[in-house]
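Hi,

Here is the structure I said I would pass on. Have a look at it first, and then read my notes below.

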Amino acid sequence: MHDGLLGIENLNRGDVQSILDRARDFQPRPGGPAKLDLLRGRMVVNLFFEASTRTRTSFEIAAKRLGADTISITAQGSSVSKGESLVDTLNTLAAMRPDAIVMRHYASGAPHFLQRYLGKPIINAGDGTHEHPTQALLDARTILDRGASLEKLRVAIIGDIEHSRVARSNVYLLSKFGADIVLCGPASLLPKELKEITPGITLTTDMREAIRDADVIMMLRVQLERQNDSPFPSDEYYSFYGLRLEHLELAKPNVIVMHPGPINRGREISSEVADSQRSVILNQVENGIAVRMAVLEKVLCG
Ligand code: NCD
């Protein structure tokens, strides 16, 4: 991974497993070191062209915990907002000689372009509707922490699948381990091509059918920022696709509820479910740091 991490699709199962195993070493434990110096003297630039709370801060914390120097650049606070082109922004950054760049961009494929253009290790922190590899890795770490194995696990991914890079990266990761994946949402938000590229996944518009016997329910936000026109009446969405306590009874008794955040209470998930014992949403956030430490270490130290 010396050229970075652009997606899950092209990783093999062994690569994924080794990141997940290493992430466990970085999970906080009593008496464990607050800071390591594995990346001392290295510089990591976070370049975010889209809003982010969890991903940006956890990459920053992860790099700092490994002893690296970090700087974060967001489109709103940079010269991008003054009309600078992507190529000029990239040349400026390259002149500062970073060791790796973490990039989030609204265009699918932007980090791939950056990697070809700069020849530096790039870590994709979400590109358009394409991939969000570290999210899928932290989701897998969170599932494994509950003692579950990914093989034969029944995972229902529910919501705006069409626009979700989180769904795509999770489909790639979970299918490498033989999980049984059901994708569910309104027909207009269910991309048929995912079924073609990943045999064995099921698509349904019926939320109850998706949840029946699920071990994991992964909810997604409706990504209005990526929709040109409204593909369904928004006031009806919650009644068809909002996760409520009564749905959990259809799932396996020890089902876990996940969500990459930001959550919209009363839109895709009820507060009772988001705050319930079954919710692992904050465990996902916590694992974001450990997983991103493992990725940064792999990319920068081999
Ligand atoms: C996701 C993203 O940006 O793709 N969020 C995240 O990284 N935690 C999902 C979303 O924005 O809905």
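Start with Arg 104: an N or O atom in its side chain is 3.0 Å from an oxygen atom of the ligand. Keep in mind as you look that this is a predicted model.

The ligand's nitrogen side is worth a look too. A backbone N or O atom of Pro 260 comes 2.9 Å from a nitrogen atom of the ligand. For Gly 261, again a backbone N or O atom, the distance to a nitrogen atom of the ligand is 2.9 Å. As for how covered the ligand is, it would expose 320 Å² if taken alone, and the protein buries 94% of that.

Where does the ligand sit? It is in the largest pocket. Two elements give two or more residues each to the shell around it, namely α2 (54-65) and α6 (165-176). If you want to click through the whole shell, the residues are Arg 54, Thr 55, Arg 104, His 132, Gln 135, Arg 165, Val 166, Arg 221, Pro 260, Gly 261 and Pro 262. Sorted by class, that makes three nonpolar, four polar and four charged residues.

The peptide bond leading from Gly 261 into Pro 262 is cis, with omega near -5°. You will find Pro 262 in the loop that runs between β10 (256-258) and α11 (271-274).

The other is Lys 152, whose phi is near 65°, a positive value in a residue that is not glycine. Look for Lys 152 in the loop between α5 (133-145) and β6 (154-158).

Cheers

Key
Residues numbered from 1 in each chain as written. Predicted model: local features only at pLDDT ≥ 70, side-chain atom pairs only at ≥ 80, totals over all residues. Heavy atoms only, no water. Near = heavy atom within 4 Å. Polar contact = N/O pair within 3.5 Å; in protein donor to acceptor, adjacent residues only side chain to side chain. Areas by Shrake-Rupley, 256 points an atom, 1.4 Å probe, with all protein chains shown as cover. 1 Å grid on protein atoms, 1.4 Å probe; cavity = no way out; pocket = protein on both sides within 12 Å on 5 of 7 lines; lining within 4 Å. Sits in = over half its atoms within 2 Å of the grid points. Helix = DSSP H or I, 4+ residues; strand = E, 2+ residues; numbered from the N terminus. Nonpolar A, V, L, I, M, F, W, Y, C, P; charged D, E, K, R; others polar.
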